[in-house]
Amino acid sequence: MSKQIITINRMFGSNGRVIGKAIADALGLKFYDKELIEIASREKGVPFDEFAKADEKKASQWRYSVEYDIQIDREYHFTPINDVLFDAQKEIILNLADKEDCVIVGRCANYILKDKALSLFIYAPFEDRLKTVMERTGREEKSARKMIKKIDKDRRAYYEYFTDEYWMDLLHYDLCINSSRFTTQQIISMAKEGLSDR
């Protein structure tokens, strides 16, 4: 019997993580989001905080993790921490998919597990997401707007950098769900139905 695996990509503020956790709890599946950073940190011996800063971000060509110009030279080429984390999480995701039923949020999991998982994309209109982020973080509207745009931009750049595919291309997903139009229970039912059809 094939594993029951759901991957979730999400716009910031669409409650993708909350929905993913609710799906996992309702269907009795393991849940992985920030947990993937913790596992990678243990396996690679890199402090959690260092990996957390690079999570779901592509490396910037203008920033280096070293202070000395000589270390930028080709002879001293280094691998950006973002790439180290992506490679570690990719290996972890593949291993998890082999051994257990689970829900995995972000980290290009739909790409890594292509044809092995039910892939969801959770989105919502900007104003609904703005309200959610303001309530969740206590930020003022201007700050919340800036935060949403930045995190969506980071997630899009990360996905497209590591997959060479468009984050918003609906063909990459089995279900694209507007979380402002459906209750969490309705989305759980959709996911359950989607798994049964695989």
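Reader: Which residue stands opposite I6 in β4?

Author: L118 stands opposite I6. Strands here are DSSP runs (E, at least two residues; helices are H or I, at least four), numbered from the N terminus. Two strands pair if DSSP finds at least two bridges between them. β1 (residues 5-10) and β4 (residues 118-123) pair in the parallel sense over five bridges.

Reader: What packs on the sheet, touching β1?

Author: α1 does, and α1 also touches β2, β3 (102-105) and β4. Contact means heavy atoms within 4.5 Å. The direction of α1 makes about 165° with that of β1. Axes are lines fitted to C-alpha atoms, for helices over the stretch in contact; angles run from 0 to 180 degrees between N-to-C directions.

Reader: What is the strand order of the open sheet?

Author: The order is β2-β3-β1-β4-β5, with parallel pairing. β2 (30-32) and β5 (175-178) each have a single partner strand, so one side of each lacks a neighbour in the sheet.

Reader: Where should I not read the coordinates in detail?

Author: Where pLDDT is low. pLDDT is the predictor's confidence in each residue, from 0 to 100. Here pLDDT stays under 50 over residues 62-77. The chain mean is 90, and 89% of residues reach 70 or more.

Reader: What do the values rest on?

Author: This is a predicted model: local features need pLDDT of at least 70, side-chain atom pairs count only at pLDDT 80 or more, and totals for chains, interfaces and linings use all residues. Residues are numbered from 1 along each chain as its sequence is written, and side-chain values use heavy atoms, leaving out hydrogens and water.
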